[in-house]
Each structure stands twice: as C-alpha cells, then as structure tokens.
Amino acid sequence: MNNDKFFDINLKRWNELVDINAKSQMYDLEGFISGQTSLLPIELEELGDVKGKSLLHLQCHFGMDTLSWARLGARVTGVDFSDKAISFARELSYKLKIPGNFIESNIYDIQNVLDEKFDIVFTSYGTICWLPDIVEWAKLISYHLKPGGIFYIIDGHPFGFIIDEKQEPFKVGFNYFFEGEPVYFDEGGAYADPMADLKNQASYQWDHPMSDIINSLINADLEIEFLHEFPYTFFSIHPDMKERKDGYWEFTNFKFTVPMMFSIRAQKKI
Ligand SMILES: C[S@@+](CC[C@H](N)C(=O)[O-])C[C@H]1O[C@@H](n2cnc3c(N)ncnc32)[C@H](O)[C@@H]1O
C-alpha cells in the first residue's frame with residue numbers, strides 16, 4: 001500500500017506543530033536551554049549510561065531529547081521527516097554548542113541517507129502511531145544496530161489508543177488490532193497546547209497491537225530484555241485524566257488500572 005498521501009498530510013501538521021510545541025509549557029524549551037534535561041526519569045533509568053556511545057534517535061522532533069542524551073555523553077544522530085523540526089534541532093545544537101547530527105528523512109527512507117550502525121537506537125513518546133508498517137520499522141532498527149547494540153522505546157500503550165476521548169466514562173472507540181487503513185483525525189488543538197488554532201487539522205494514524213510490536217522486534221533479531229507497562233501516560237488522552245507531580249497523566253474517577261504506556265528494551269543478537 002502506498003502511504004505517501006498520508007505522510008504528506010501528517011508532515012504538514014508536524015511542521016506546523018514545531019513552533020507551537022517549542023513555545024509550549026509542556027516542552028519547556030527555556031528550561032532545556034538553561035541546562036535541564038528534557039528526558040524523563042523512566043527512560044533515563046531504563047536506558048542507563050550512554051556516555052561514549054553512538055545513539056540514533058528515530059522521530060527526534062526538534063531535538064531536545066536527542067541533545068539531552070548528548071549532554072550525557074552520547075554521540076547523537078536524530079532523524080525526523082519534518083524539515084522544520086530538523087532545522088530547529090540544528091539551530092539548537094549550534095546555539096547551545098551541543099554536537100548532534102540531524103537528518104531530514106522519513107524513517108522508511110532512512111537507508112538512502114544513513115548507513116551507520118549504532119550502539120543504541122532510541123525512540124519515544126508518540127512515535128509508533130505515525131507508522132503504517134511495524135515490520136519494516138523493526139527491520140530498520142535492527143539494520144542500524146551493531147551486534148549487541150540496544151534498542152529502547154517508551155511510548156503510548158496500544159490499549160490506550162482504543163479509548164474514545166470524546167466519551168465519558170471510558171468507552172472503546174477504536175480498533176485494537178491493525179486493520180491496514182489508517183484512522184483519520186481532525187483536530188484544531190495541539191497536544192501541547194489544546195487552545196492552539198491549527199491550520200493543518202487532519203492527520204492519519206495507525207494502531208499496532210502489542211503482539212505486533214513485540215513479534216516484529218523478535219523477527220528482526222532483537223532479544224527482548226523487558227517489556228514494562230504503566231497505568232499512566234505522557235499526555236492527557238481523556239478528560240478524566242489529571243497531571244501528576246512527575247509530569248505523567250493518570251485517570252482520576254475511572255476506578256480500574258489499565259495500561260497506558262509501555263517501554264521495551266531489546267538487544268540486537270550478537
Ligand atoms: C510526538 S513526536 C516524537 C516525540 C518526541 N519525543 C518529542 O515529543 O519531542 C513525533 C515525531 O514523529 C515525526 N514523524 C511522524 N511520522 C514520521 C515518519 N514517517 N518519518 C519520520 N518522522 C516522522 C514527526 O515529525 C514528529 O517530530
């Protein structure tokens with residue numbers, strides 16, 4: 001299936017989101033510029049020491065997380081298909097004197113522009129839902145890892161994507177399983193600024209069940225070290241959610257615990 005028309009629409013929205021996100025409280029660009037890390041405690045602890053390691057960050061947005069890993073001693077390369085995000089990341093790297101290589105590319109075209117193998121491939125918070133083909137995704141991760149290299153992801157749990165945010169209480173409104181066709185969204189606000197008035201309101205996203213994520217990694221020669229699930233997530237996906245002190249969001253009145261976020265650490269077979 002050719003997904004170019006969906007990528008084009010998503011790219012327009014992502015380009016528009018760069019300035020909105022960079023000005024938002026959620027991204028706290030000022031804090032990052034003044035030396036704070038944009039990384040959250042879970043990935044810092046679960047990925048561990050990156051000093052002296054080469055790190056490829058997939059879907060790096062405008063580079064704050066990528067450069068935060070660089071501040072911890074990694075040699076970083078960030079890839080994103082948004083030209084706006086990549087220029088912003090390059091500017092940040094230059095102004096803050098934090099070395100980083102930023103590449104503008106759809107992740108499915110990455111092998112045309114990058115042939116390097118890395119110690120670490122990292123991706124986080126809002127990535128998989130933008131990707132139609134999870135099998136190809138796992139293969140390109142594996143291709144860019146050295147034998148023994150580490151893949152780490154932290155992202156929204158596929159279970160969380162079935163929730164219809166417009167219905168209270170908690171109601172299922174979307175497929176859990178991958179059905180091939182993307183889901184169409186029409187949203188004027190942005191996740192980091194719900195009051196933003198976006199021109200590019202359309203986007204297309206894909207659902208991938210946890211089994212597809214895990215199996216695609218296993219089939220691409222990655223050995224899973226752990227899969228963790230969390231009952232909270234990184235942005236508000238339902239009106240019943242409230243922000244916690246650590247920046248994550250959780251349900252308040254909904255009385256059951258359900259998986260909202262996951263992390264996986266895996267090693268490329270030696
Ligand atoms: C939510 S952001 C990534 C999260 C990142 N941790 C952040 O918030 O800074 C999603 C990123 O995926 C990028 N993206 C979406 N589809 C892509 C694709 N097919 N290839 C490369 N980048 C893509 C967008 O441009 C955006 O920068």
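Visitor: Which helix gives the largest share of the shell around the ligand?
Guide: This is a predicted model. In it, helix H1, residues 4–23, supplies the largest share of the ligand shell, with 3 residues.

Visitor: And how many residues surround the ligand, and which are the closest?
Guide: The ligand is surrounded by 17 residues. The closest are Trp 14, Gln 59, His 61, Phe 81 and Gly 126.

Visitor: What does the shell around the ligand look like by class?
Guide: The shell has 8 polar residues, 7 nonpolar ones and 2 charged ones.

Visitor: Back to H1, then. At what angle do H1 and helix H5 pack?
Guide: H1 and H5, the latter spanning residues 83–96, pack at about 40°, and their axes lie 7 Å apart. H1 is therefore oblique to H5.

Visitor: Which residues meet there, between H1 and H5?
Guide: From H1, the residues are Trp 14, Asn 15, Val 18 and Ala 22. They meet Asp 83, Lys 84, Ala 85 and Phe 88 in H5. By class, this contact of H1 with H5 comprises 5 nonpolar, 1 polar and 2 charged residues. Trp 14 also belongs to the closest residues around the ligand.

Visitor: What about Arg 13: where does it lie?
Guide: Arg 13 lies in helix H1.

Visitor: Is Arg 13 buried, exposed or partly exposed, and why?
Guide: Arg 13 is partly exposed, because 19 other C-beta atoms lie within 10 Å, whereas a buried residue requires 20 or more.

Visitor: Which residues does Arg 13 touch, leaving aside those up to four places away in sequence?
Guide: With those sequence neighbours not counted, Arg 13 touches Leu 198, Asn 200, Ala 202 and Ser 203.

Visitor: And how far apart are Arg 13 and Ile 128 in space?
Guide: From C-alpha to C-alpha, Arg 13 and Ile 128 are 16 Å apart, with a sequence separation of 115 residues.

Visitor: A change of topic: how do helices H6 and H7 pack?
Guide: H6 covers residues 134–143 and H7 covers residues 210–219; they pack at an angle of about 40°, with axes 8 Å apart. That angle makes H6 oblique to H7. The crossing of H6 past H7 is right-handed.

Visitor: Which residues of H6 and H7 meet?
Guide: Ile 134, Val 135, Trp 137 and Ala 138 of H6 meet a set in H7 made up of Asp 212, Ile 213, Ser 216, Leu 217 and Asn 219. The contact of H6 with H7 has 6 nonpolar, 2 polar and 1 charged residues.

Terms used: Residues are numbered from 1 along each chain as its sequence is written. This is a predicted model: local features need pLDDT of at least 70, side-chain atom pairs count only at pLDDT 80 or more; totals for chains, interfaces and linings use all residues. A residue is near a molecule or strand if its C-beta atom, placed from the backbone, lies within 6 Å of it. Helices (H or I, at least four residues) and strands (E, at least two) are DSSP runs, numbered from the N terminus. Ala, Val, Leu, Ile, Met, Phe, Trp, Tyr, Cys and Pro count as nonpolar, Asp, Glu, Lys and Arg as charged, and the others, Gly among them, as polar. Axes are lines fitted to C-alpha atoms, for helices over the stretch in contact, and angles run from 0 to 180 degrees between N-to-C directions. Angles under 35 degrees count as roughly parallel, over 145 as roughly antiparallel, 65 to 115 as roughly perpendicular and the rest as oblique. A crossing is left-handed if the near helix is turned anticlockwise from the far one by less than a right angle, and right-handed if clockwise. Two residues are in contact if their C-beta atoms, placed from the backbone, lie within 7 Å. A residue is buried if 20 or more other C-beta atoms lie within 10 Å of its own, exposed if 12 or fewer, and partly exposed in between; C-beta atoms are placed from the backbone.
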